[in-house]
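Reader: I would like a close look at one part of this structure. Please keep it brisk, and then show me what lies around that part.

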There are 2 protein chains.
Amino acid sequence: MESCENRNKVGGYRVDHARTLTQVSEVALGIRQERKRRTRQALLDAALRLLDRSSLAGLSLREVTREVGIVPTAFYRHFASMDELGVALVEESMRTLRDMLRDARRTRVDDAIRGSVRIIAEQVLAHENHFRFLIRERHGGVPDVRRAIATELRFIGSELATDLARFPGLSAWDTEDLRMVADLMVSAMLGIVTALLDRPRDPDHVAEATRVGERQLRIIALGTAHWRSPR
Amino acid sequence: MESCENRNKVGGYRVDHARTLTQVSEVALGIRQERKRRTRQALLDAALRLLDRSSLAGLSLREVTREVGIVPTAFYRHFASMDELGVALVEESMRTLRDMLRDARRTRVDDAIRGSVRIIAEQVLAHENHFRFLIRERHGGVPDVRRAIATELRFIGSELATDLARFPGLSAWDTEDLRMVADLMVSAMLGIVTALLDRPRDPDHVAEATRVGERQLRIIALGTAHWRSPR
DNA sequence: CTTTTCAGTGTACGCACGTTCACTATGGCC
DNA sequence: GGCCATAGTGAACGTGCGTACACTGAAAAG
């Protein structure tokens, strides 16, 4: 019970801001705001790390603060609840996903599929935690988070549909059918991401999943090219 | 605090077996075993009902027993833990899914797609809880449950692949490509189920999801028909 | 230099949880 | 008819949780 003070504190703070601060040139924000931002980010990172093993509903506020090294009550300086942190995590993860799609959209048209799948594989490996979080919480136990993900996914579908409309053979298609194909492609991509996430450390598995995913999208493209909508 | 005894008990038991028992002709099992089976099933049903709102990881043993009307400790007469109940729930739900696929397999070949999608819609509406459970826990927080679902899904994929092999145009295909198409179809079906589960009480939404799902599978079939595997 | 603001501290609370244990009463069996 | 076996009981425990509250000390504002 005794002698447990200043274990790993630095000037009364367990989180060591002093060192990292000086080497950063984000002078625009005051020292104070910058520190707050860093702690907030540390909470998000810690949560994402812990979410590798459990789900958001099974993750406690105390676990997250413990991981960061702050006292539980300090959590409320940044989020009103774990659910709110979850929604923030959706935003962060979705930024990753959107960046990925922006990259994919820039690939050359003559082999858009191969390029897209390659980029998916790269990004999933580089941001495994973000994708695992999205896939898991998409149908998870927190309604707000579920809604946020569903909304983003729907948006991605409609963006893809307008992209498809620019292809020569598809310019005459009606909106509904474009959307139908776009949603199918999203389903397939989610399947590919799931397969990649299954064993992301095994290069053989990743290569195989990439190969298969590429062919699956090709099947869809081929089917689309031969499609004639029933009246 | 006082006078709270025998509220809804029957002969010392809160669960009323006596009435329901007589009208059942499962005489093969003794009264005792039959009662145990019923309570076990009541636990599974209660869990499935509660899982509509939360996820398995966020569901407590006490909640489930409260719902059934037995004392928490009695839970252990049936399952060693909530995780074990989860695995039992996977088995039950998978039986539903397998029945669905068996039905789908029996439909006439000339319009297998329309028939299959209709059966999917029917079954998802009839056993909403089972499908919601599977979709949710597929990527959920309980490893044992995740594994059980992944295994079953893989099995379904390989069964579908052997079914495909019987189609005239596909008899020459190699196993790997058949599997690739089968997995794509599974991805699409999961997407359809997800869409149906989104607003299962809205008949318009269900009809629309069915229509779209049918077309998506048709796109895949069309793509498959025109596919020529790269060397 | 003084005052204000506020991110993080530390204690304390009430609550729900999983699990233990000794128990009770009923169905099954000789 | 009497003796097991066992499904369900009820009290009790230790633990971890979310949250309230008064606090501290350094950055920001004056």
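Reader: By about how many helical turns are Arg118(A) and Glu122(A) separated in helix H5 of chain A?

Author: Keep in mind that this is a predicted model. Arg118(A) and Glu122(A) are separated by about one helical turn, because they sit four residues apart in helix H5 of chain A. That helix covers residues 112-126. The two side chains form a salt bridge, with 3.3 Å from N to O. Side chains of opposite charge can pair when their charged atoms come close. Across all chains, a search of the whole structure finds 46 salt bridges.

Now look at the helices H4 and H6 of chain A. H4 runs over residues 82-106, and H6 over residues 128-137. They pack at an angle of about 115°. Their axes are 9 Å apart. The crossing of H4(A) past H6(A) is left-handed. Which residues make the contact? From H6(A) come His130(A), Phe131(A), Phe133(A) and Leu134(A). H4(A) brings a list that includes Gly86(A), Leu89(A), Val90(A), Glu92(A) and Met100(A). Sorted by class, the contact of H4(A) with H6(A) has eight nonpolar residues, four polar ones and one charged one.

Chain A also carries an annotated stretch. An unreviewed UniProt entry places the feature "DNA-binding region" at residues 60-79 of chain A. In the model, that span is 40% helix and 0% strand. Its end C-alpha atoms lie 13 Å apart.

Next comes the contact with chain B. Chain B gives 36 residues to it, and chain A gives 35. The area buried between the two chains is about 3100 Å². Carbon and sulfur atoms give 62% of that area. On the chain B side, His139(B), Arg215(B) and Ile219(B) lose the most area to chain A. Together they make up 22% of what that side buries.

One salt bridge joins the side chains of Asp177(A) and Arg215(B), at 2.7 Å from N to O.

Methods
Residues are numbered from 1 along each chain as its sequence is written. Chains are lettered from A and ligands numbered from 1 in the order in which they are written. This is a predicted model: local features need pLDDT of at least 70, side-chain atom pairs count only at pLDDT 80 or more; totals for chains, interfaces and linings use all residues. Side-chain values use heavy atoms; hydrogens and water are left out. UniProt positions are given in the numbering used here, feature names are shortened, and annotations may be inferred rather than shown by experiment. Helices (H or I, at least four residues) and strands (E, at least two) are DSSP runs, numbered from the N terminus. Axes are lines fitted to C-alpha atoms, for helices over the stretch in contact, and angles run from 0 to 180 degrees between N-to-C directions. A crossing is left-handed if the near helix is turned anticlockwise from the far one by less than a right angle, and right-handed if clockwise. Contact means heavy atoms within 4.5 Å. Ala, Val, Leu, Ile, Met, Phe, Trp, Tyr, Cys and Pro count as nonpolar, Asp, Glu, Lys and Arg as charged, and the others, Gly among them, as polar. Buried area is the accessible area (1.4 Å probe) that two parts lose on being put together, summed over both. A salt bridge is a side-chain nitrogen of Lys or Arg within 4 Å of a carboxyl oxygen of Asp or Glu.
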